[in-house]
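Me: Got a model open here and want to talk through its packing. Can you take a look with me?
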Amino acid sequence: MELSKLFGLDGRIALVTGGSRGIGKMIVEGLLAAGAERVYIVARKKEQVDETAAELGDKVIGLVGDLSQMNGIQQLADELASREDRLDLLVNNAGAAWGEPFEDFTEAGWDRTMDLNLKTPFFLTQKLLPLLKSAASKDRPAKVLMISSIDGMKSNPWPTYPYQASKAGLIHLTRRMAAELVGHHIVVNGIGPGAYPSAMNRAARDNAELVEKGIPARRVGVTEDMAAGAIYLLSRAGDYVVGTTIPIDGGVVNANIGAGNFVDPSGK
């Protein structure tokens, strides 16, 4: 048994949505470190995409697209099909959060959050199914990784109602899609991030010392934590894990006995 073959991603072609920053970028860095051949990243803002692609090197190819709409999803699938004849790894990371008081919560905030967090991963995987099938085999399955959140596993006190609901829905969708696609040698799993510094989780980014008080491990997550979880599930090491969402959260979901619960340690 060779460790490099167990956890390596040599020759893999990957797509990471929302890969220009935050958790998506952390995963991209992990894929590169594990030997991925090419990693496509997609986000709405061209400047961010170009900056990240330039920073991470020639193996990263930046694409610009709005995945909140079906035409944007189809355009991305068409673009990728024009460049590649297979897709080994799909990381559905793009997401949105929206918080408003219960009495004032808007339909626009609800729809955008639910669509991007739940509808987009389903339909993007559907549109990319031919490329995933082309990459998939019994000995080396293709992989789909859903990026959920610990907010889909537990409640938090913030008024982010559709975010929490959509992430819980994504965890169940991961199970259902795994059951559907495993017959094609496509393995679907998920990750539930806890507190990682990002634009979406500004508390972990700007007030880590406060946030870590609500985390049993007493620290916020770092790039290596997220990259390692993604590599495990996307590599040979995770081939026999199917339909599972793993919290990578310093123990918030499964090892928290109440200390520091006045602090919200969640985030994407």
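Me: Which residues have the most contacts inside the largest nonpolar core?
Reply: Leu15, Leu87, Leu90, Leu128 and Ile186, in a core of 32 residues. A core here is a set of buried Ala, Val, Leu, Ile, Met, Phe, Trp, Tyr and Cys residues joined through side-chain atoms within 4.5 Å. Buried is under 20% relative accessible area, exposed is over 50%, and partly exposed is in between (1.4 Å probe, protein chains only).
Me: Which helix gives the largest share of this core?
Reply: Helix H7, residues 161-181, with 5 residues. Helices are DSSP runs of H or I, at least four residues, numbered from the N terminus. This is a predicted model, where local features need pLDDT of at least 70 and side-chain atom pairs pLDDT 80 or more, while totals for chains, interfaces and linings use all residues. Residues are numbered from 1 along each chain as its sequence is written, and side-chain values use heavy atoms, without hydrogens and water.
Me: What does Leu87 touch, leaving out residues up to four places away in sequence?
Reply: Ile13, Ala14, Leu15, Leu80, Leu128, Leu131, Leu132, Ala135 and Ala142, with contact meaning heavy atoms within 4.5 Å.
Me: And what lies apart from that core?
Reply: Another core of 31 residues, including Leu32, Ile147, Tyr196 and Leu233.
Me: Switching to H2, is it mostly covered or mostly open?
Reply: Mostly covered, with 9 of its 12 residues buried. Among them are Ile23, Lys25 and Leu32.
Me: Last one: is Tyr161 buried or partly exposed?
Reply: Tyr161, in helix H7, is partly exposed at 34% relative accessible area.

Notes
Helices (H or I, at least four residues) and strands (E, at least two) are DSSP runs, numbered from the N terminus.
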